[in-house]
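Colleague: Could you take a close look at a single part of this model for me, and tell me how it sits in its surroundings and how far the prediction can be trusted?

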Amino acid sequence: MLYCENCMTLVTEDKCPDCRRKKLRAPGERDPVYIMTRDAVVSASVEDILAQNGIPCIKRGQLGAGIVAYLGYTMESFRIYVPFGAYGTANDLLSNFLEQDSIEQDDNGEREDE
């Protein structure tokens, strides 16, 4: 697995699928790695789960301050990054959280297929 410094993503190909950059390298333990994009509400929960487990994260908004001021904070979505050394643990924690969140939504009758 290689690392694109430009996109801060893990790459399995010979070039980054996002920026098409070919200058890739092995990831270092502290390199920030993209893990997911979520809305403002869910990203706050994700940030809290990571903090409770001692995993630092970086959140980057996608819309920009002007658009968020106009549309409101809840319309913002965030790209979340964690250190490569904690990527596996963070991925497991967040998979469990998102699975639980999906089950709770189903239990509340918010299913699209009903």
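Modeller: Contact here means heavy atoms within 4.5 Å. Leu 24 lies in the loop between β2 (9-11) and β3 (32-39), and, leaving aside neighbours within four places in sequence, Leu 24 is in contact with Leu 2, Tyr 3, Cys 4, Val 11, Glu 13, Asp 14, Lys 15 and Cys 16. One of these, Cys 4, is 20 residues away in sequence, while the two C-alpha atoms are 5.2 Å apart in space. Leu 24 counts as buried because its relative accessible area is 17%, and the cut-off for that word is under 20%.

As to confidence, the protein chain averages a pLDDT of 83, and 76% of the residues score at least 70. Among the elements, strand β1 (residues 2-4) has the highest mean pLDDT, 96, whereas helix α2 (residues 65-71) has the lowest, 63. Over residues 105-114 pLDDT stays under 50, and for this stretch the model has three contacts beyond four places in sequence. Where pLDDT is low, the predicted coordinates should not be read in detail.

Notes. Residues are numbered from 1 along each chain as its sequence is written. This is a predicted model: local features need pLDDT of at least 70, side-chain atom pairs count only at pLDDT 80 or more; totals for chains, interfaces and linings use all residues. Side-chain values use heavy atoms; hydrogens and water are left out. Helices (H or I, at least four residues) and strands (E, at least two) are DSSP runs, numbered from the N terminus. Buried means under 20% relative accessible area, exposed over 50%, partly exposed in between (1.4 Å probe, protein chains only). pLDDT is the predictor's confidence in each residue, from 0 to 100.
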